[in-house]
Amino acid sequence: MRVFLDENMPRPLRHALAGHEVSYVEKEGWKGKENGELLALVEGRFDVILTSDGNIAYQQTLA
């Protein structure tokens, strides 16, 4: 599974996800991107996005 960690997630979490392909904002060069732009970049490239942003569901139309 391809997992993406948002800026607000601790990087050491990737070690707990052994067996999965894990990337994160800095690794992809997407630091500072707004939620909408970030979701568009993640879509189709990752299966899961992990975030602690509780407002993302209200800021974006999530399918």
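Q: Let's start with the strands. Which residue in strand 2 stands opposite Leu 5?
A: Tyr 24 is the one facing Leu 5 there. Keep in mind as we go that this is a predicted model.

Q: Noted. How many bridges join strand 1 to strand 2, and do they run parallel or antiparallel?
A: There are 4 bridges between strand 1 and strand 2, and the two run parallel. Strand 2 covers residues 21–24.

Q: And what about strand 1 and strand 3, how many bridges there?
A: Strand 1 is joined to strand 3 by 3 bridges, and this pair also runs parallel.

Q: Who is the bridge partner of Phe 4 in strand 3?
A: Phe 4 is partnered with Ile 49 in that strand.

Q: Is Leu 39 buried or exposed?
A: Leu 39 has a relative accessible area of 18%. The limit for buried is under 20%, so Leu 39 counts as buried.

Q: Switching to rings. How many aromatic pairs do you get?
A: The count comes to 2 aromatic pairs. One of them is Phe 4 with Trp 30, a tilted pair with centres 5.5 Å apart and 45 degrees between the planes.

Q: Where do Phe 4 and Trp 30 sit along the chain?
A: Phe 4 is in strand 1, residues 2–5, and Trp 30 is in the loop between helix 1 and helix 2. The two are 26 residues apart in sequence, so their pairing ties those parts together.

Q: Are Phe 4 and Trp 30 buried or exposed?
A: Phe 4 is buried, at 0% relative accessible area. Trp 30 is buried too, at 8%.

Q: What about the rings of Phe 4 and Phe 46, how are they arranged?
A: The ring centres of Phe 4 and Phe 46 are 5.2 Å apart and the planes meet at 55 degrees, so this pair is tilted. Phe 4 in strand 1 is linked here to Phe 46 in the loop between helix 2 and strand 3, a separation of 42 residues. Phe 46 is buried, with a relative accessible area of 10%.

Q: Ok, new topic: charges. How many salt bridges are there?
A: The count is 6 salt bridges.

Q: What's the N to O distance for Glu 28 and Arg 45?
A: The salt bridge between the side chains of Glu 28 and Arg 45 comes out at 3.1 Å, N to O. Glu 28 belongs to helix 1 (residues 25–28), while Arg 45 is in the loop between helix 2 (35–42) and strand 3 (48–50), so parts that are 17 residues apart in sequence are tied together by the pair.

Q: How accessible are Glu 28 and Arg 45?
A: Glu 28 is partly exposed at 23% relative accessibility. Arg 45 is also partly exposed, at 40%.

Q: What else is Ser 23 in contact with, leaving aside neighbours within four places in sequence?
A: Besides Glu 28, Ser 23 has contacts with Val 3, Phe 4, Leu 5 and Phe 46.

Q: Last one: which residues are linked in a network of salt bridges?
A: The network takes in Glu 7, Arg 11, Glu 26 and Lys 31. Within this group, the side chains of Glu 26 and Lys 31 meet at 3.8 Å, N to O. Glu 26 is partly exposed, at 36% relative accessible area, whereas Lys 31 is exposed, at 56%.

How values were computed
Residues numbered from 1 in each chain as written. Predicted model: local features only at pLDDT ≥ 70, side-chain atom pairs only at ≥ 80, totals over all residues. Heavy atoms only, no water. Salt bridge = Lys/Arg side-chain N within 4 Å of Asp/Glu carboxyl O. Buried < 20%, exposed > 50% of the residue type's maximum accessible area, 1.4 Å probe, protein only. Phe/Tyr/Trp six-rings, centres within 6.5 Å; stacked < 30°, edge-to-face > 60°. Pairing = 2+ DSSP bridges. Contact = heavy atoms within 4.5 Å.
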